[in-house]
Amino acid sequence: MNQLNYDNRFVTELPGDETGPQQSRQTQGVCWAAASPTPVQRPKLLACSSEVLRILNLSDDDANSEDFLAAFCGNRLLPGMTAYANCYGGHQFGSWAGQLGDGRAIALGEVLNNEGERWELQLKGAGMTPYSRRADGRAVLRSSLREFLCSEAMHHLGIPSTRALSLIATGESVMRDMLYDGNPALEPGAVVCRVAPSFTRFGNFEILAARGEHALLRRLIDFTIDRDFPQINRRSADYFAIWFRLICERTARLVVEWLRVGFVHGVMNTDNMSIIGLTLDYGPYGWVDNFDPGWTPNTTDAEWRRYSLAQQPPVARWNLERLADALAAVAPSRVCLNDGLEHFDATLQNSLSSMLAGKFGLLEWKEEDAALTADIFELMQRAEVDMTEFFRALANVSGQAPDSDILRSAFYREPLYQSHSESFNAWLERYAARLAQQQDTDQVRRARMNRVNPRFILRNYLSQQAIDAATDGDVSLIHMLMEAARHPYDDDIPAGLTAKRPDWAVNKPGCSMLSCSS
C-alpha cells in the first residue's frame with residue numbers, strides 16, 4: 001500500500017483553498033478546497049474489485065490489510081495522499097444552481113501505476129467538505145452498493161465509466177429520507193472508493209465562467225488538455241477547437257452506448273457530465289425493463305421526465321451547449337464551439353445507426369432500416385416487452401419462417417403476447433426478408449448479436465436484493481452479481497440473475513422508484 005506512486009497534479013498545478021474552515025461556504029478563485037475525511041467507528045470491507053486492484057498494482061493481500069481498510073474508509077491518509085474536494089457548479093434540471101462542488105466526495109490524490117496510467121482516487125461518503133451545504137457528507141449502504149456494482153458492471157459491458165475499488169461499511173447509521181416524502185429513517189452507512197483518470201466535469205468550467213474568473217478558466221482548460229488529452233498539442237493553432245470537438249464526440253458515443261443496453265442515468269445535470277466522456281455519478285440510475293422511451297428511474301423527475309431513456313441524447317446536446325456557453329468567454333471564436341456541437345450531431349446519428357445495426361444483426365445500415373427498427377420499438381412498448389430479453393431472443397430467430405413464439409420469453413404478460421403475436425409475426429417476416437439480403441448465416445449473425453446485446457444487466461431489483469441481504473450481513477449476492485457482471489454477454493450466467501423484473505418489484509422502492517440520494 002505504501003508503494004503507491006502519487007502524482008497529485010490537480011492540487012499542485014491549480015489553485016486551491018488550503019486553510020479555510022471545514023464548513024459549507026463559497027470558495028472564490030480556486031479549483032479545489034482541502035477536505036479531510038471524517039473517521040468512522042467500525043469499518044468493514046464488504047467488497048473489492050480485483051480488476052481495479054490490479055490497475056493500481058495492488059494485491060489481494062493489500063486489500064486485506066489494515067492500511068487498505070483505514071485509507072479507503074477515510075480513517076487515515078497514507079503517505080503521498082492529499083485530501084481535497086472539487087469546486088464546480090452546474091445546471092440541475094435545466095436551471096443554473098450556482099456553486100455545487102464535491103459535497104460528499106473527497107479525493108485522495110492521483111496514482112501513477114506501473115504502466116504510466118493516471119488514476120484519481122476518490123472516497124464517496126467520507127464526510128463533510130466545504131461544498132456539503134446542508135448535508136452531512138455521508139452515504140448510505142444502498143447508494144454506495146449500487147454505485148460500486150454499477151461502476152464495474154458498466155465497464156465490463158464496454159461502456160466508458162468511472163470504476164470502483166472498494167465498498168466499506170462504516171459501522172455507523174445515517175439519517176436519510178429515501179423518497180423525500182417526510183419519512184426519514186436511520187440506515188447503515190458506507191464509503192465507496194471511486195477510481196477514474198479524471199473526475200473533472202462540465203461544471204468545473206461553468207463555475208469559473210459564471211464568476212468571471214476567466215484567467216483561471218484558461219488555466220483549467222490548459223491543465224485539462226495537458227493532463228487528460230495528451231493526444232492534443234497545445235502548440236497547434238486549432239488545439240481549442242480539436243479539444244471541444246473531442247468532448248462532443250465522446251459525449252455522443254457515450255449516450256449511444258447507454259441506449260444500446262437500455263441504461264438510464266437518471267440525473268444528467270451538467271455537474272454529472274464527465275469532460276473525458278465517462279459515465280459519472282451513479283445515483284438514481286436504472287436499466288429499462290419493459291421497453292419505454294419515456295421511462296425514468298428518478299422520482300424527482302417523474303413529472304417532467306427530462307432525463308428519461310429517449311431524452312438522453314438531446315439532454316447531452318443541451319449540456320454541451322451550456323459547456324460551450326461557459327467556454328465562449330475564452331474560446332478563439334464561437335465558430336469552433338458551434339462546429340463542435342455540429343460534430344456531436346453527426347457523431348450521434350452515425351453512432352446510433354451503427355449501434356442499431358449491431359443490435360439487429362445487420363451488416364450495414366440502410367435507409368429502410370429506420371422504419372423497420374422504429375416499428376418494432378413501438379410494438380415492444382405497446383406489448384410491454386423486456387428490452388434485454390427481446391434482443392437475446394431475437395438473435396435466435398431463423399431467417400426461414402420466423403415465429404413470434406421464439407420471442408415469448410420477453411413478454412411480461414401472456415395476454416399481451418396473445419393480442420400482439422400477429423403483429424410481431426408480421427414484423428418478423430419483414431425482418432427475415434431484410435436478413436435474406438445479407439451474405440450471412442444464422443449462426444454467425446447470432447454470435448455477432450450476442451456480443452452487443454447483453455445477457456446480464458444489473459437490474460434494479462437485483463441490486464435491491466443485494467442491498468437487503470447486505471443490510472442483514474450477507475454479502476454473498478454482491479459477489480455473485482460482480483461475477484456475473486464480469487461476463488455480461490455469456491450464456492452461462494445463472495438463470496436467477498438474468499430473469500426479467502418480477503411482479504413484486506414493479507412498485508417497490510429501490511426497484512422502480514429511486515431518488516437522488518439512492
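This is a predicted model: local features need pLDDT of at least 70, side-chain atom pairs count only at pLDDT 80 or more; totals for chains, interfaces and linings use all residues.
Local features were taken at pLDDT of at least 70 and side-chain atom pairs only at pLDDT 80 or more, whereas totals for chains, interfaces and linings use all residues. Residues are numbered from 1 along each chain as its sequence is written, and side-chain values use heavy atoms, with hydrogens and water left out.

Helices (H or I, at least four residues) and strands (E, at least two) are DSSP runs, numbered from the N terminus. Helix H7 (residues 214-228) packs with helix H8 (residues 239-261) at an angle of about 70 degrees, and their axes are 12 Å apart. Axes are lines fitted to C-alpha atoms, for helices over the stretch in contact, and angles run from 0 to 180 degrees between N-to-C directions. H7 is therefore roughly perpendicular to H8 (under 35 degrees counts as roughly parallel, over 145 as roughly antiparallel, 65 to 115 as roughly perpendicular and the rest as oblique). Ile221, Asp222, Thr224 and Ile225 of H7 make the contact with Tyr239, Phe240 and Trp243 of H8, contact meaning heavy atoms within 4.5 Å. By class, five nonpolar, one polar and one charged residues take part in the contact of H7 with H8. Here Ala, Val, Leu, Ile, Met, Phe, Trp, Tyr, Cys and Pro count as nonpolar, Asp, Glu, Lys and Arg as charged, and the others, Gly among them, as polar.

Thr224 lies in H7 and counts as buried because its relative accessibility is 0% (buried means under 20% relative accessible area, exposed over 50%, partly exposed in between; 1.4 Å probe, protein chains only). Not counting residues up to four places away in sequence, Thr224 touches Phe205, Phe229, Trp243 and Ile275. Phe205 is itself one of the buried residues of helix H6. H6 (residues 202-210) is mostly covered, with seven of its nine residues buried. Just after H6, Gly212 takes a positive phi of about 70 degrees.

Helix H5 (residues 141-156) and helix H15 (residues 460-471) pack at about 130 degrees, with axes 10 Å apart; the two helices are therefore oblique to each other. On the H5 side, the contact is made by Leu141, Arg142, Leu145 and Arg146, and on the H15 side by Asn460, Ser463, Ala466, Ile467, Ala470 and Thr471. This contact of H5 with H15 has five nonpolar, three polar and two charged residues.

In helix H14 (residues 442-450), the buried residues are Arg445, Arg448, Met449 and Asn450. These pack against helix H10 (334-359), helix H12 (387-394) and helix H13 (414-435).

A nonpolar core is a set of buried Ala, Val, Leu, Ile, Met, Phe, Trp, Tyr and Cys residues joined through side-chain atoms within 4.5 Å. The largest such core has 129 residues, of which Phe240, Trp243, Trp287, Phe360, Phe390 and Leu394 touch the most other members. H8 gives the most to this core, with 14 residues. A second, separate core of 36 residues includes Met81, Leu108, Trp119 and Val191. Leaving aside neighbours within four places in sequence, Phe390 is in contact with Ile376, Met380, Val385, Leu407, Ala410 and Phe424.

Val288 is placed in the loop between strand E13 (286-287) and helix H9 (312-327). Val288 counts as buried because its relative accessibility is 1%. Not counting residues up to four places away in sequence, Val288 touches Gly262, Trp295, Leu309 and Met387.
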